[in-house]
Amino acid sequence: MPLGALLVLGAWLVMSLLSPALGLAPDTLYLDRILHTPALATGGWLGYDELGRSLLDRLLIGARVSLAVVLQVVAGQALLGITAGMIGGYLGGWPDRCLRQLTDVVLAFPGLLLALLLASLLGPGIENVVLALVAVGWVGFARLTRAQVLSLKRSDHVAAARALGCGHTRIVWRHLLPLLAAPLLVEAILASAGAITAEAGLSFLGLGVQPPQASWGGLIREGSRYLLVAPHYLLLPGAALMAVVYAISALGEQLRQHLDPRHAGLSMPRVTP
């Protein structure tokens, strides 16, 4: 993985976790610094917005919001998708048919448009954005889990576990889920990039984080109004969003190649019954 991507991810995590201890004042107004460009003399390292608020402070708060959204969205998507995929793939029959039909319905709509529709019905707010993104994004985890389980449940070690009298719960937890950890980890990392982008998009449209709370999508929306007179207001949040999404995508792709036996020459982990 490129060193730059690691540095970007590290900076994002550090800023998100340490922002409450930095004494930030994202809502403090400095009327004499409205739309000032970045300058060390005034203490505005990244400049100020249309109300004279520190863009650096608001950018750091937005980083914390994006991290919180990612953790909640990916956790919800993984829990719902893995459970549904495991049930459909392991049991087969009508549960599997229902799962396939439901995933086909969800995939028939563009993901962001469906999330926009759900967020509009639920109303603006970060909690509703999380629910909408979970309702849309669980399909990827479900399809991946189902495909892996359909292949693994016919393997020799699962047949041996059944012959030894292992119950379904033990087979799932001890003989299937450990082998799904690697592909599901890659899926979770790639889903994180999608969650950040989707949250920023919904906040840009006014359905996510509500003013005066800061978010990267909200900063981009407000900054687009002043592009000609204060381009830093738009470019800096946009650059931060682009850098973090690229870094997460690069990490997911590098991890996928490393964990793929066809690329890395790795053997599948051995699970004893």
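Reader: What should I know about the source?
Author: This is a predicted model: local features need pLDDT of at least 70, side-chain atom pairs count only at pLDDT 80 or more, and totals for chains, interfaces and linings use all residues. Residues are numbered from 1 along each chain as its sequence is written, and side-chain values use heavy atoms, with hydrogens and water left out.

Reader: How many salt bridges does the rule count?
Author: Nine. The rule wants a side-chain nitrogen of Lys or Arg within 4 Å of a carboxyl oxygen of Asp or Glu.

Reader: Which residue does R58 meet in a salt bridge?
Author: D27, at 3.3 Å, N to O. The pair links distant parts of the chain, 31 residues apart: R58 sits in helix α2, D27 in the loop between α1 and α2. Helices here are DSSP runs (H or I, at least four residues; strands are E, at least two), numbered from the N terminus.

Reader: Is R58 buried or exposed?
Author: Buried, at 5% relative accessible area. D27 is partly exposed at 45%. Buried means under 20%, exposed over 50%, partly exposed in between (1.4 Å probe, protein chains only).

Reader: Which residues are in the network of salt bridges?
Author: D27, D49, E50, R53 and R58. R53 and E50 meet at 3.9 Å, N to O. R53 is buried at 8%, and E50 is buried at 15%.

Reader: New topic. Where is L22?
Author: In the loop between α1 (3-18) and α2 (55-91).
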